[in-house]
Amino acid sequence: MAVPSSDRARRPFLLSLSLFLFISAVLVLLFLFLNPSPGSVAFLPSRVSASAPSTPSPQQQNLTPVPTRGSPPHSQPTGPLPTANAEASQPPAAAEARGGSGSPGADDSSGARGVEADGKADTSVAAAGTGGDEEELPVSVRWQTCSRMGRGVSSTDYIPCLDNVQAIKALRSRRHMEHRERHCPVAPRPRCLVPLPSGYRTPVPWPRSRDMIWYNNVPHPKLVEYKKDQNWVTRSGDYLVFPGGGTQFKDGVGKYIQFIEQIMPAIQWGIRTRTVLDVGCGVASFGGYLLDRNVITMSFAPKDEHEAQIQFALERGIPAFLAVIGTQKLLFPDNSFDAVHCARCRVHWYANGGKPLLELNRVLRPGGYFIWSATPVYRQEKREQDDWHAMVTLTKSICWRTVVKSEVVNGIGVVIYQKPTSNSCYAERKANEPPLCSKTDGSRFPW
């Protein structure tokens with residue numbers, strides 16, 4: 001019998017649809033049986049789910065006991081562990097040595113592990129991970145000790161930002177102590193292990209360390225000879241001894257501190273005056289003795305011909321740091337100190353338009369004191385008197401009040417200024433010089 005023409009036209013479409021459904025069914029069955037997870041076969045009949053192999057979930061895998069270093073034998077499983085558990089049971093060192101992206105720090109191959117407790121450099125550094133399961137051997141890194149870092153600078157005393165000879169030579173000017181400021185190296189930066197001084201010993205404990213330290217810990221004898229007439233420091237056997245003397249401390253620093261309180265009782269060490277900044281501190285005996293008065297002193301001086309003065313202070317246990325009042329701001333916020341002290345600190349406060357003194361004014365609290373013990377205060381030579389008159393003019397221009405100027409006692413004299421407690425004096429000045437900092441700039445730009 002002949003097939004109607006309409007049925008003949010539908011036949012190719014039905015064949016194509018049947019073929020598409022058949023291929024789709026085959027692909028679905030292949031996917032289900034090749035990936036028989038519980039979620040993917042949940043909708044199948046129970047007989048299909050029962051035929052799928054049971055695979056433990058990651059949570060179930062983690063329930064298997066894992067042997068740890070030092071575990072008793074009975075805690076270890078008797079059967080073979082899955083691969084994931086075997087890797088988890090490895091010690092941390094072995095796990096880090098394996099490649100792959102899963103281990104933390106696998107791609108960090110630039111630095112050493114550090115210095116061990118016995119002082120030896122750890123040279124075991126993991127190599128860069130290349131992927132895969134192969135173990136990679138550690139790379140051996142040899143750290144060299146720092147050799148002499150320049151003319152006259154030993155490795156134990158080297159300070160990269162202060163001993164940068166190349167940067168210091170390139171300075172256009174040294175008029176404002178630029179060569180004593182920080183000039184950190186850019187490239188290549190030094191990377192070496194600084195050796196301990198030969199014969200280094202555990203530091204002398206406080207409070208004995210205020211008066212003596214081990215010579216071998218800071219083996220610099222230059223100041224012993226250079227300042228022998230001023231009793232900064234002397235050598236006694238294996239010790240460096242600090243008698244409490246100084247350029248302005250003719251009778252010792254203890255008597256000097258007492259003298260300041262006698263001429264200015266309102267200073268009240270340890271009560272009204274608790275924080276002090278000591279400029280040009282030498283070996284920081286002033287700050288060391290003020291600790292007995294419950295006063296915290298931050299002492300600073302430059303790294304100059306007064307060899308290792310800040311190293312002496314730190315070895316004694318006295319807070320001190322290397323700095324200079326030059327062209328850069330001191331590392332303190334505004335209104336930080338109850339008093340600032342300068343005893344022959346060799347700073348020309350009125351130089352460069354008075355900017356050094358303006359920096360002290362910034363860190364000094366309102367109502368705080370500036371204690372200045374220097375030759376212009378008490379000597380009558382023309383040069384000294386010129387410096388004194390310049391200082392008088394400058395302090396008046398910033399509204400500092402002269403509280404007391406002492407008589408010359410034992411060849412020294414002291415003048416004490418006080419910073420104002422309000423801005424009223426600034427507004428009443430005939431000339432706005434030096435000008436007040438603007439509200440937008442504030443004191444961020446004192447220079």
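Over the ring of which residue does the charged end of K405 sit? The charged end of K405 lies over the ring of W388, 4.0 Å from its centre, where a charge counts as sitting over a ring if NZ of Lys or CZ of Arg is within 6 Å of the ring centre and within 35 degrees of the ring normal.

## About the model

This is a predicted model, in which local features need pLDDT of at least 70 and side-chain atom pairs count only at pLDDT 80 or more, while totals for chains, interfaces and linings use all residues. Residues are numbered from 1 along each chain as its sequence is written, and side-chain values use heavy atoms, with hydrogens and water left out.

## Nonpolar cores

A nonpolar core is a set of buried Ala, Val, Leu, Ile, Met, Phe, Trp, Tyr and Cys residues joined through side-chain atoms within 4.5 Å, and buried means under 20% relative accessible area, as found with a 1.4 Å probe and protein chains only. The largest such core has 51 residues, and those with the most contacts inside it are W269, F286, W349, F370 and W372. Apart from it lies another core, of eleven residues, which includes I213, L223, V283 and F312. In soluble globular proteins, nonpolar side chains tend to be buried together.

## Helix α10

Helices (DSSP runs of H or I, at least four residues) and strands (runs of E, at least two) are numbered from the N terminus. Helix α10, residues 309-316, is mostly covered, since six of its eight residues are buried, namely Q309, I310, F312, A313, E315 and R316. Among the elements that cover these buried residues are β3 (212-214), α7 (222-226) and α9 (285-290). After α10 comes G317, whose phi is positive, near 90°.

## An aromatic cluster

Rings of Phe, Tyr and Trp (its six-membered ring) pair if their centres lie within 6.5 Å, and planes under 30 degrees apart count as stacked, over 60 as edge-to-face and the rest as tilted. By this rule there are 13 aromatic pairs. One of them, between F249 and Y256, is tilted, with 4.7 Å centre to centre and 50° between the planes. F249 counts as buried because its relative accessibility is 11%, and Y256 counts as buried because its value is 3%.

W269 and F286 form an edge-to-face pair, 6.4 Å centre to centre with 80° between the planes. This pair links distant parts of the chain, 17 residues apart, with W269 in the loop between α8 (253-263) and β6 (275-279) and F286 in helix α9. Together, F249, Y256, W269 and F286 form one aromatic cluster.

Methods: Buried means under 20% relative accessible area, exposed over 50%, partly exposed in between (1.4 Å probe, protein chains only). Contact means heavy atoms within 4.5 Å.
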